[in-house]
Amino acid sequence: MDRRDANDLESEVGLGCDDEKVEKMERNGSSSLSERSAGGLREPLLLSRSRMNNTSQIAMVGANVCPIESLDYEIIENDLFKQDWRSRNKVQIFQYVFLKWTLALLIGLSTGVVGFFNNLAVENIAGFKLLLTNNLMLKEKSMVKSPGTLNPCRYYGAFAAYAGSNMVLAIAAAALCAYIAPAAAGSGIPEVKAYLNGVDAYSMLAPRTLFVKIFGSIFGVAAGFVVGKEGPMVHTGSCIANLLGQGGSRKYHLTWKWLRYFKNDRDRRDLITCGAAAGVAAAFRAPVGGVLFALEEAASWWRSALLWRTFFTTAVVAVVLRSLIEVCRSGKCGLFGQGGLIMFDVNSAVPKYSTPDLLAIMLLGIIGGIFGSLYNYFVDKVLRTYSIINERGPGFKILLVMTISFLTSCCSYGLPWLARCTPCPIGLEEECPTIGRAGNYKNFQCPPGQYNDLASLLLNTNDDVIRNLFSSGNEEEFHLSTLFIFFVAIYCLGIITYGIAIPSGLFIPVILAGASYGRLIGTLIVSISDLDVGLFAILGAASFLGGTMRMTVSLCVILLELTNDLLMLPLVMLVLLISKTVADCFNNGVYDQIVKMKGLPYLEAHAQPYMRHLVARDVVSGPLISFSGVEKVGTILHALRITNHNGFPVIDEPPFSDAPELCGLVLRSHLLVLLKGKKFTKRRVLSGSEILSKFHASDFAKPGSGKGLKLEDLDVKEEEWELYVDLHPITNTSPYTVVETMSLAKAAVLFRELGLRHMCVVPKTPARPPIVGILTRHDFMPEHILGLYPHINPHK
C-alpha cells in the first residue's frame, strides 16, 4: 500500500476517492515543511529531525482505494459548546431525547422494509430464472418420442438460459459497483467495524453506496453467486442510519432545527450501531441476535442507553418483517412463496443425545475450527490477488465478475450430472419430483418418479438450500457423495467469489458449507446416534461460523432464533466454543483479517505485548505545530497550508498567562470556520466575547458526508494576514492528556476506550514546553512502532 510522510498525521481528506486526490496526498510530504521559513510560523516543538510517522493514510473501502480520516467521538468542550449547552432548556433536552428514539424507529422501519424488499426481489428474480430453466428441460423432454432417447439440445438450451440469466445479473451488479459506488463491493462489515472504531472514508456510508448495496446485492445473489445478502444488509442498515443522522441538508431544504443536534460523530456513531444491529435482524429475522452482533462484533464502544435503543430498533424490524410476511402468505408476492426470510422452524426434530453424540459434536467443532481457519487463509490470499486485478480499472472488475459467474454456472449446472437418480420416497406429503423452482426433489435429468439430490442443492436459492439441509425425518434424502461434492463446491466457490466487485456476504456460504459437512457426519453415524441428521447440519453450520467469524454469543442466539429450538442451546454453545478455540490457534477471524488487509487503522480492544516496553513519548511523531491563544491570521493560514493536521495545541503565553501553559486543542475544521467569519483584530488582544456573539455552536458542527469548508474556500486578503484572531472560544480546554512516561499499552487502551482522535502528551517536569506531542491512532499502529524500534519482538 502506498505511504505518505507523517507530517500529515490526521488527514482532512474525505471529499473523494479518485486517483488524483490520492496522488495529491502522496505528494504532501516533508518537502513542504521547508516553507516554514516563509515567515510567521512558530518553530515546531518537535523539530524536523524528529521521528516521522510513515503509516499509510489510504485504505481499501469496498473495491476502491480511498483516503481515510479519524472521527471526532470526543465532546469538544470549548466556550461555544458550553454556551450552547447552558442555553438549552428542558423542552430542548426533551426534543433531543425524543428525536433519538424517533430516528431509531425510522431506522428500524426503513431497514425492515429494505430487508423484505431484498428478499422479495431475490426470490422472484432467482425463482423466475430457475423456473425458466426447469420448464425448458421439461418442454424438451416432452418432445422426445422414444423414452430411451437422449436429446442433448434440451440440456444445452436450458444451460444457455441459466448461464445467460446469471451473466446478465452479474454484469448489472458489477457495473453498479464499478462505476457508481465501488465502496459497495464486499460485505461491508469490515468497513462498519472500522467506522465504529473511529475510521471514516468518503462514500463508506454515502447515499449512492446505499443504492448500489441494495440493488447490487439483489442482482448478485439472484445471479447464483455463492454469496449472501446478510453481510450487505449490515452495511445497508448502517447507510440508512447515516443518511437519517446527517443532521439535515441545506441542499434539499431539510434544515429542521431539531436535526442540528445530530451534527456530530458521537450521535451518528450511536445511530450507525443501531443500523448495523437492524441489518442483522432484517437478514435473519433475529432481533436479539442483531443486538448481540452489534455488541460482540461491530461496536467498539457501548453503554446501557445504546443497548436499549438498539434493542428497540431490532424489535421494530421484527414487527415490520412479520407484518409484511403475513401479506405474502396469501400469495400476493409472486414467487416469494415460503422462501426468503421464512426460515423459522426449519427443523422439527427433538434433540435427544447420548455420549457418542457429544463426541461427534466435539469432532464437528474441531473440524469447523480447522476448515474455518483454512477458509480465512484462502480468502485472504484471494482478496490480495483480486485487489491487483481490481486496481486496473472498472473493465477488469467486470471481466473478473463475468469469469466467476460463468464458472459458478458451469458448476451449478454441470455437477448434478455426477449424481445418480434416486427413486422418490414412498408416502411423501410433498410432490416428488418437484415441478417448479423450489423443493427438495429436483427432477433434472432423471426419469419420472426419480429425483437428483445434488440438483436440489445446487439449482436452488440459498434459503431453500438451507431449508433442505436443515430438514429432518429422512436420513437418506441426500447421498454421502452428494453432500461431499456439494461441500467441496461451496467451499471453493465461496473462497473465489468473495472479493469480486459485487456486494457479497460470507454468512450464507459458510452456513451452506458447514451444514453440508454436518449432515454428512450425521449420515455416517446415524446408526449409533440419537440426533437427527438435520440437527447435525445445524451444528455443522455453527461450527463453521465459529471457525471463520470467531463470534460466540451472537451466533448462538442467531441460530437459535433461526431454528426456533431452545433445546439446541447447550449443543450450539459447545460446538461454537470448540471451533473458535481451535481456529484461534491458527489465525484471526475473517473480518479482522479483512480489516487489516484493507489497511484500515483499527485499534484492538487490548494492547499488543510489545507496547508494555515503551512509554508514550517513545512514539510521538513530529513536527508538532502549535498556536498562541491569540494568533496571527497569516501564521494559521500558513500552518493549514503546509500540513493536513486536524488538531493543533494552543499555548497561552505572557501577557495572557504567567508562564507558557497548555490552553487546549483546536480543530482544523473549527479554524476554517473562524477564519471564514473574519472576526479579526488589529492588536493582540482577547476578543472572545465578540466571537461568542457572532457565532453559534451549530456553525462549527460537522457537516454531513464530510463536505465541510476547505482551505480553498477562504477569501483572506493579503493585508489581513497581519491581523490577529482569538482562538480561546473555539479551543477545547479539556483535551485528554497523558504524562509522557505513561506506558504505551495503557495509553492505547485509554485512547480506544474513550474513542479519541487526539491525545496530548505532556511533560513530567515543569521546566519544559507545556506539550511533548500529540498521539493519534496512527501512532499506535504496529508498522509505525516496529519501524521505530525494529529490535523489539512483536510477540513479547
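Reader: What order do the strands have in the open sheet of 3 strands, and what is the pairing?

Author: The order in that open sheet is S6-S8-S9, and the pairing is mixed; two strands count as paired if DSSP finds at least two bridges between them. Strands here are DSSP runs of E with at least two residues, helices are runs of H or I with at least four residues, and both are numbered from the N terminus. Before we go on, please keep in mind that this is a predicted model, in which local features need pLDDT of at least 70 and side-chain atom pairs count only at pLDDT 80 or more, while totals for chains, interfaces and linings use all residues. Residues are numbered from 1 along each chain as its sequence is written, and side-chain values use heavy atoms, with hydrogens and water left out.

Reader: Which helix lies across S6, S8 and S9?

Author: That is H22 (residues 668–677), which runs at about 80 degrees to S9; axes are lines fitted to C-alpha atoms, for helices over the stretch in contact, and angles run from 0 to 180 degrees between N-to-C directions.

Reader: What sits between S8 and S9, around Pro 655?

Author: Pro 655 is in the loop between S8 (647–652) and S9 (661–667), and a cis peptide bond joins Pro 654 to Pro 655, with omega about 10 degrees.

Reader: Now the cysteines: how many disulfides does a search of the whole structure find?

Author: The search finds 1 disulfide, where a disulfide is a pair of cysteine sulfur atoms within 2.5 Å. It joins Cys 421 to Cys 446, with an S to S distance of 2.1 Å. The pair links distant parts of the chain, 25 residues apart: Cys 421 is in the loop between H12 (394–414) and S4 (422–423), and Cys 446 is in the loop between S4 and S5 (450–451).

Reader: Why is that disulfide called left-handed?

Author: Because the torsion about the S-S bond of Cys 421 and Cys 446 is about -95 degrees.

Reader: Is Cys 446 buried or exposed?

Author: Cys 446 is buried, at 1% relative accessibility, whereas Cys 421 is partly exposed at 25%; buried means under 20% relative accessible area, exposed over 50%, and partly exposed in between, with a 1.4 Å probe and protein chains only.

Reader: And what about Cys 492, where is the nearest cysteine sulfur?

Author: Cys 492 is in no disulfide, and the nearest cysteine sulfur, that of Cys 411, is 8.8 Å away. Cys 492 is partly exposed, with a relative accessible area of 41%.

Reader: What phi does Arg 550 have?

Author: Arg 550 has a positive phi of about 65 degrees, and it is not a glycine either. Its place is in the loop between H17 (533–549) and H18 (553–563), and at 8% relative accessibility Arg 550 counts as buried.

Terms used: Contact = heavy atoms within 4.5 Å.
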